[in-house]
Amino acid sequence: MHAADPDRHDADAPMFAADAFRLTDSQAELIGKARRFGKRVLAPRAAEHDRNATFPIENFRDMHGEGLLSICIPRSEGGGGADFQTYCLAAAELGRYCGATALSWNMHVCSTLWSGPLADDLPMSAEERAGHETRRHKHYRRILDDGAIYAQPFSEGGAAAAGTVAFGTEARPVDGGFVVSGKKIFASLSGAADYYGILCTERSGDDAASRRNTLYLAVPAKAAGVSVVGDWDPLGMRGTVSRTLLLKDVFVAEDEMLMPHGVYFQAATRWPHMFLTLSPTYMGLAQAAYDFTVAYLRGEMPGTPPVKRRMFPTKQIAVAEMRVTLEQTKALWFQAITEARANPTKEQVLRAYAAQHTVMENANAIAAKAIRTCGGQAMLKSLALERIYRDSRCGSLMLPWTAEICLDRLGRETLYEPGEKDE
Ligand SMILES: Cc1cc2nc3c(=O)[nH]c(=O)nc-3n(C[C@H](O)[C@H](O)[C@H](O)COP(=O)(O)OP(=O)(O)OC[C@H]3O[C@@H](n4cnc5c(N)ncnc54)[C@H](O)[C@@H]3O)c2cc1C
């Protein structure tokens, strides 16, 4: 009935129109593919995975068929060739339809984005680069040929994931590889991933643990000594199934290094926008809460009676305020993802913190206002809004750039130049 109405609000229009945001045809094609996939495949499955806190493995199988698992693998290797900005825009489109899938997909894609276009920007000797390219080729083939899924469990419950101390998970060099032991909390895709892309500290002998010796390793899920423990029954992002990962004397071969020795530390220092990759999901959720509100107030929300509520001035003002917040958020975020690069200026880094903070806080603020504005019937579990509201609350908690840490760094790094101290 609604589909035939030419005046109906298009709740599935691109978030960032290609001409308005000066995107190339190939970017628009990849981003459009993600949007159509999100609407057709992710949206109908999202409620069930949220209700049962189950991982949407069939979404990942379907993403393999669509080429979305390999979106950031270079074209020369057979992937989609998406750069940082293209990836972020595609991820935001997925986030509109299923936050949990978009967030878990981010963990997977980062294993290719960070080892791919991002690592290409970092200094390495010719020998290191050749070794890296041989190793990553193997990871890419697993994804392209077999649909292998990579997780990204970094968090340990202490300060390491916040970026201030060395990871407690350790890799001891042995013949042909490493023996890895440690514990990772909130391991999204736990039990579903084929490889866990973990960060750990490489230590030989009695050397003190140092962040400079952080290693990024793909640990096969089937390796002896890997186990997933604990339950998963959180407020939001329930489909991410982020349980606890235990690693006990796990042998990991040397060619499972996703970056050469010392390069992760270089990346975290020189390519700080790498930590902005958790924001696109929440940018998509902000858009989804707004789109829901417009469709609902117009009486066009599928699954609800066609009752219009748009004629009340208070509703119109609320929508206007939501639009202002959404446009501010999108503008700042688009600028930040567009200027992601190696060795950004101080201004660009400060803007990235501001963008991350803004997206994570505003996604939830827009969702909260959507519930207040649409009213009681809109927050029933038969509709997507209450899930969007719960999912959006999780954004501010994502280390290393939690909303608090972004504010903390913004203030300090604005007022102090590197090395400056007070008497
Ligand atoms: C749905 C969901 C999915 C997730 N998926 C993953 C995943 O796949 N991989 C992953 O690695 N993590 C994941 N996380 C974890 C997330 O990034 C955080 O690590 C986690 O929420 C931290 O929980 P905590 O209670 O230990 O946090 P907190 O106690 O807030 O932080 C942990 C530590 O960080 C430091 N810290 C915190 N705040 C500050 C501050 N303001 N200033 C200085 N230091 C600070 C402190 O040392 C603190 O003890 C996920 C989280 C959620 C909610």
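In this predicted model, helix α3, which covers residues 84-95, packs against helix α7 at an angle of about 45°, and their axes are 7 Å apart. That angle makes α3 oblique to α7. If you look at how one passes the other, the crossing is right-handed. To find the place where they meet, look on the α3 side for Cys-88, Ala-91, Ala-92 and Gly-95, and on the α7 side for Pro-280, Thr-281, Met-283, Gly-284 and Leu-285.

Helix α7 has another partner to show you. Spanning residues 279-297, α7 also packs with helix α4, residues 99-120, this time at an angle of about 160° with the axes 8 Å apart. An angle over 145 degrees counts as roughly antiparallel, and α4 and α7 are therefore roughly antiparallel to each other. The crossing of this pair is right-handed. Here Gly-99, Ala-102 and Leu-103 of α4 meet Thr-281, Tyr-282 and Leu-285 of α7.

The largest one holds 132 residues, and Ile-71, Trp-105, Trp-114, Leu-217 and Tyr-282 are the members with the most contacts inside it. Setting aside residues up to four places away in sequence, Trp-105 touches Phe-60, Met-63, Leu-68, Leu-69, Ile-71, Tyr-87, Ala-90, Ala-91 and Leu-94.

Next, let us visit strand β4, made of residues 195-202, where Glu-202 lies. Is Glu-202 buried or exposed? With a relative accessibility of 18%, Glu-202 counts as buried, because the cut-off for buried is under 20%. The Glu-202 side chain makes a polar contact, at 2.7 Å, with the side chain of His-261. Beyond its neighbours within four places in sequence, Glu-202 is in contact with several residues, including Ala-171, Pro-173, Phe-178, Asn-213 and Leu-215. The fold also brings in Gly-262: this residue is 60 residues from Glu-202 in sequence, yet their C-alpha atoms are 9.5 Å apart in space.

Thr-201 is in strand β4 too. Thr-201 counts as buried, at 0% relative accessibility. What does the side chain of Thr-201 reach? At 2.6 Å, it reaches the backbone oxygen of Phe-167. Phe-167 is also among the contacts of Thr-201 outside the four places on either side in sequence, together with Ala-166, Thr-169, Glu-170, Ala-171, Ala-209, Ser-210 and Asn-213.

Our last stops are in two further helices. Thr-373 sits in helix α9, residues 346-374, and is buried at 4% relative accessibility. The side chain of Thr-373 reaches the backbone oxygen of Lys-369 at 2.7 Å. Not counting residues up to four places away in sequence, Thr-373 touches Thr-293, Leu-297, Lys-315 and Ala-318.

Gln-316 and Leu-297 are 19 residues apart along the chain, and their C-alpha atoms are separated by 9.2 Å. Gln-316 is partly exposed, with a relative accessible area of 44%. Apart from residues up to four places away in sequence, Gln-316 touches Arg-310 and Met-311.

Methods: Residues numbered from 1 in each chain as written. Predicted model: local features only at pLDDT ≥ 70, side-chain atom pairs only at ≥ 80, totals over all residues. Heavy atoms only, no water. Helix = DSSP H or I, 4+ residues; strand = E, 2+ residues; numbered from the N terminus. Buried < 20%, exposed > 50% of the residue type's maximum accessible area, 1.4 Å probe, protein only. Contact = heavy atoms within 4.5 Å. Polar contact = N/O pair within 3.5 Å; in protein donor to acceptor, adjacent residues only side chain to side chain. Core = buried A, V, L, I, M, F, W, Y, C linked by side-chain atoms within 4.5 Å. Axes fitted to C-alpha atoms, helices over the stretch in contact; angles between N-to-C directions. Parallel < 35°, antiparallel > 145°, perpendicular 65-115°, else oblique. Left-handed = near helix turned anticlockwise from the far one by under 90°.
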